[in-house]
Amino acid sequence: MTQSVDDTAGRRPWFTTARLCILIPLFSIGACSTMDSAESGLQTGTFGSEERVETVDQTILDDMTDIVTQLFEPIDTTLQVNYANNDPLLQYFIDQLVNSGYGIQRVSADQGANYVSYRRDLSKADGTSTINYRVFVGAVEIARDYSVPRMNIVAPASVFRLSGTRESVTVNDRPSGRKIVTDPSLSQAQYFASLQLDEQAPVISLITPQLVERVSARSADGPSLQALNSSKIEVNNLFYGGGSTFSSLLDNYQRVHKQVIVFGNDSMVLGDTNKSLIDQLVDSKFRNGDIISLVGCSNGATSLDIGNEGLALGRAKRVTEALLNRGIAREYVLDEGCWAPVSAGDAFPSRGVVLELWRENA
Amino acid sequence: MSTVPVFIRPAAALLVAFALSACTTPEVKVGVPPEALTPRITSKPSVLAETDATERAQLQLVATNLIATLVQIPEMRPSTATLQVSTPQTVFGHALLRALEDAGFGMQLVSADQGKNYVSYSKRLSETESGEVTDYTLAVGRIELSREYVVNGDAVYPSSLMNISGTDSIADISLADDIFIEQGGDGTAFISGAIGNGAANPDLQIVTLDVNDFDELPQDKRTRQDLVFAEARQRFFEKDAKRSAPDLARYGKFRRTVLIFDDSTTQMMGASNKLAVRLLVREFSGDDIMVIKACQAADGTDNASMTRAIRVKEELAGLGVPTKSSYIAPCARTSYRHASDNSPTPVELIHYRPN
C-alpha cells in the first residue's frame with residue numbers, strides 16, 4: 001500500500017507534464033477559436049428569424065395576402081416593413097407578399113405610405129380558441145376572426161372587416177386540409193371605420209393671410225370665423241361666404257351628385273332615413289377615387305351650449321363617421337361647416353349637411 | 001531520478017511551442033458570416049456558404065462603397081425608388097442586394113429584367129501592369145456606377161475613381177472611402193473621387209488617401225454598414241437643404257401642423273402623425289413647397305433634429321411630394337432644450353403656396 005503511494009508520488013511530474021501537454025493546446029485552440037468568432041467585417045442587422053410559423057397562422061396569413069392583393073396592385077405597389085422586426089409571422093407574411101409581386105422596402109422606423117404591420121389577439125371562450133388578426137397596410141385595415149376547432153385547422157369566425165377602402169373584394173373561403181368553412185355567410189367583406197387614432201392626431205391650422213385679416217377685422221360677439229373639423233383641420237365658417245377651404249383640391253374634379261341630409265332641431269342624431277340615404281350614396285354612386293365634400297350647417301337660434309359652431313361641425317362629423325364606417329378613407333372626405341345664429345338664406349340649409357360627390361375629370 | 005519517459009519532455013516542449021506560436025502570431029482573418037450578405041428578399045445560400053469569409057468581407061466593402069454612392073444620386077432616393085431584382089447567382093450579387101435592402105430601397109422580385117429600375121451588375125477581372133484589378137459595375141435603370149478595386153492581402157482598396165453615368169447630379173456626392181482606410185495597410189494609397197460619364201469634372205475633388213498600419217481599427221470598431229448608408233443619406237439631405245433653399249418671399253403660408261415625436265431619439269412617427277401628414281399632403285399641388293422646421297439647437301448642429309427632419313421629408317416623399325419641393329429649414333432656436341432632454345419633440349411642417 002505504502003509502495004503504491006510512493007510509486008504515485010514518483011510518477012507525479014510525468015502526469016503533470018502530460019496533463020499540461022493536453023491542456024495547453026486545448027486552451028490555445030479554445031482561445032484562438034474565440035478570436036475567430038469575434039472577427040467580422042462590416043456589421044449588419046440580424047437576419048430574419050428562422051422560427052417556424054404555425055400552420056394555423058400560415059393559413060390565416062395566406063387569407064390576408066389574398067385580400068391585400070385585391071386591394072393593392074402588386075406590380076405597382078411598394079410596401080414598407082420595419083427591418084428591425086424579425087417576428088416570424090411578419091417574415092412569413094412578407095414572403096407571401098414578395099411572392100405575389102410586391103416591392104418591399106425595409107425601413108428603420110414606420111416610413112412610407114404603405115407601411116405594413118399586424119396585430120394578433122388570442123381569446124378563448126367555451127373551450128374554443130379565437131384568433132383575431134388585424135393587418136394594416138398604410139391607411140387600410142383588414143381584420144377577421146378565426147376559430148381553431150382542431151389542431152392546425154382554422155375556420156373563419158367573422159366576415160372580413162375592411163377600413164380605409166371601398167375596393168370590392170372577393171373572399172375565397174375554399175375548404176382545404178387546413179381550413180374548414182362552417183358558415184358560408186361569413187365569406188364576404190364588410191366596411192367599417194377605424195377611428196383609433198383620431199383623438200391623438202395633431203391639429204392642422206389654416207394660416208392664409210386672408211384669414212388672418214378677417215380674424216383681425218371680426219366683431220367680438222359674432223360667430224367664429226374658423227374651427228376644427230373632424231380631422232382636426234382648421235376650416236373656415238362658410239356662413240361668411242368665400243369658397244371651400246378645400247377648393248384647390250377639387251380643381252380637377254367635377255361635381256356629379258349633390259344631396260342634403262336634414263337633421264332634427266338642435267340634434268346630431270342621424271336616424272335610419274339619413275343612414276339609408278348615405279348607404280345609397282356610397283353603394284350606388286360612390287366610386288373609388290371620388291371625393292365627398294360635406295358642409296354641416298346650423299343657422300338659426302339654438303339652445304345648446306355648444307352653440308351653432310358645435311352643432312354644425314358635430315353634424316358634419318356625424319356624417320363623416322357614417323361615411324368612414326362604410327369604408328371610405330378619411331382622405332376622401334372633406335368636411336366643413338356653416339354656422340351662425342341667423343339664417344343663411346338660400347346658400348345653406350338651417351339644420352342639415354350638404355353632401356357633394358366629386359369625380360376626377362376624365 | 002525522474003521517472004518521466006524520455007520522449008515526453010521534447011513532445012511537451014514541442015506542443016507548448018506550437019501552442020504559443022499559434023497564439024503569438026494569430027491569423028488576423030477578416031471575415032463575415034454568410035447571413036451578413038444574404039438578401040432577405042431572395043438568395044441562394046449555397047453560393048455564400050462556398051465562399052471564403054475574407055472574400056465575403058471584401059465584397060461587402062465594395063457593395064457598401066457603391067451603394068453609399070447610389071443613395072446620394074437624386075434620382076435614386078431610397079424612400080421613393082423601388083428596384084427590380086432577380087435571384088443573385090454570385091456572392092457579389094448577394095452583397096449588392098443585401099446592401100440595397102439595408103440602404104432602404106424598395107425591392108421587387110422579378111423573373112427577368114422587368115421594370116424601369118432593374119438592377120444589374122458585373123464583376124470583371126483584368127490583368128494589368130500593376131497586378132490583378134477587378135472592375136465592379138452596378139447599373140440601376142439608366143444609372144451606372146463602376147469602379148476598380150484591388151485586393152492586397154486580406155484587404156481590398158479602390159484602384160480607380162468612381163465612374164458615374166446616367167445622371168448629371170454628381171457634384172455633391174461624397175464617396176464612403178473611409179471604410180477602406182479602417183482596414184489598415186502598409187503605406188498603401190488609393191485614389192478617391194468621382195467622375196461623371198467618363199469625363200473628369202473640374203468641380204469634383206479628387207484626392208489620394210494614404211492607409212497606414214496605425215489606421216487599422218479592431219473589427220468591432222469599424223463603421224457599420226447601416227451607419228455608412230445613414231451618413232450618406234444625411235449628407236445628401238444636408239447638401240440638398242443648402243442647395244435648394246427656396247425664396248420664401250414668393251410664397252404665402254397656407255397650412256401648418258406640429259408633429260410630436262414621442263422622444264428626442266425615436267424616428268417612429270406613429271399613426272396619428274402619419275395621418276396628419278397624409279391630410280396635409282392631400283392639398284399639395286405642383287408649385288407648392290413644404291418647409292420642415294425640426295431643429296431647435298442653439299449652435300445649429302443638432303444631429304437628432306436633422307434625423308427627425310429627414311424622417312418627415314422621407315414621409316413626404318413616400319406620399320408623392322417631390323424631394324425638391326420639401327425643404328429642411330436651418331436650425332432656429334425657438335426655446336431652450338438641453339441635450340439630455342428626452343421629452344416629446346416637435347417638428348413643425350408648413351405648407352407654402354406661391355403668391
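Me: Which residue ranges does the domain assignment give for domain 1 and domain 2 of chain B?
Reply: This is a predicted model, in which local features need pLDDT of at least 70 and side-chain atom pairs count only at pLDDT 80 or more, while totals for chains, interfaces and linings use all residues. Residues are numbered from 1 along each chain as its sequence is written, and chains are lettered from A and ligands numbered from 1 in the order in which they are written. With bounds from an automatic or database domain assignment, chain B has domain 1 at 34-239 and domain 2 at 245-354.

Me: How many residues of each class lie on the side of domain 1 of chain B that touches domain 2 of chain B?
Reply: The centres of these two domains, taken over C-alpha atoms, are 31 Å apart. Their contact (C-beta atoms, placed from the backbone, within 7 Å) takes seven residues from domain 1 of chain B and eight residues from domain 2 of chain B. With Ala, Val, Leu, Ile, Met, Phe, Trp, Tyr, Cys and Pro counted as nonpolar, Asp, Glu, Lys and Arg as charged, and the others, Gly among them, as polar, the domain 1 side has two nonpolar, three polar and two charged residues.

Me: Are α3(B) and α4(B) parallel, perpendicular or oblique to each other?
Reply: Helices (H or I, at least four residues) and strands (E, at least two) are DSSP runs, numbered from the N terminus. Helix α3 (residues 53-70) of chain B packs with helix α4 (residues 91-102) of chain B at about 45°, their axes being 9 Å apart; axes are fitted to C-alpha atoms, for helices over the stretch in contact, and angles run from 0 to 180 degrees between N-to-C directions. Angles under 35 degrees count as roughly parallel, over 145 as roughly antiparallel, 65 to 115 as roughly perpendicular and the rest as oblique. The two helices, α3(B) and α4(B), are therefore oblique.

Me: Which strands are the edge strands of the open sheet of five strands?
Reply: The sheet has mixed pairing and the order β9(A)-β11(B)-β14(B)-β12(B)-β13(B), where strands pair if DSSP finds at least two bridges between them. The strands that pair on one side only are β9 (204-206) of chain A and β13 (326-328) of chain B.

Me: Which strands of the sheet does helix α8 of chain B touch?
Reply: Within the sheet, β12 (residues 289-293) of chain B runs parallel to β13(B), joined by three bridges. Helix α8 (residues 303-318) of chain B packs on the sheet, its direction making about 45° with that of β14(B). The strands touched by α8 are β11, β12, β13 and β14 of chain B.

How values were computed: Two residues are in contact if their C-beta atoms, placed from the backbone, lie within 7 Å.
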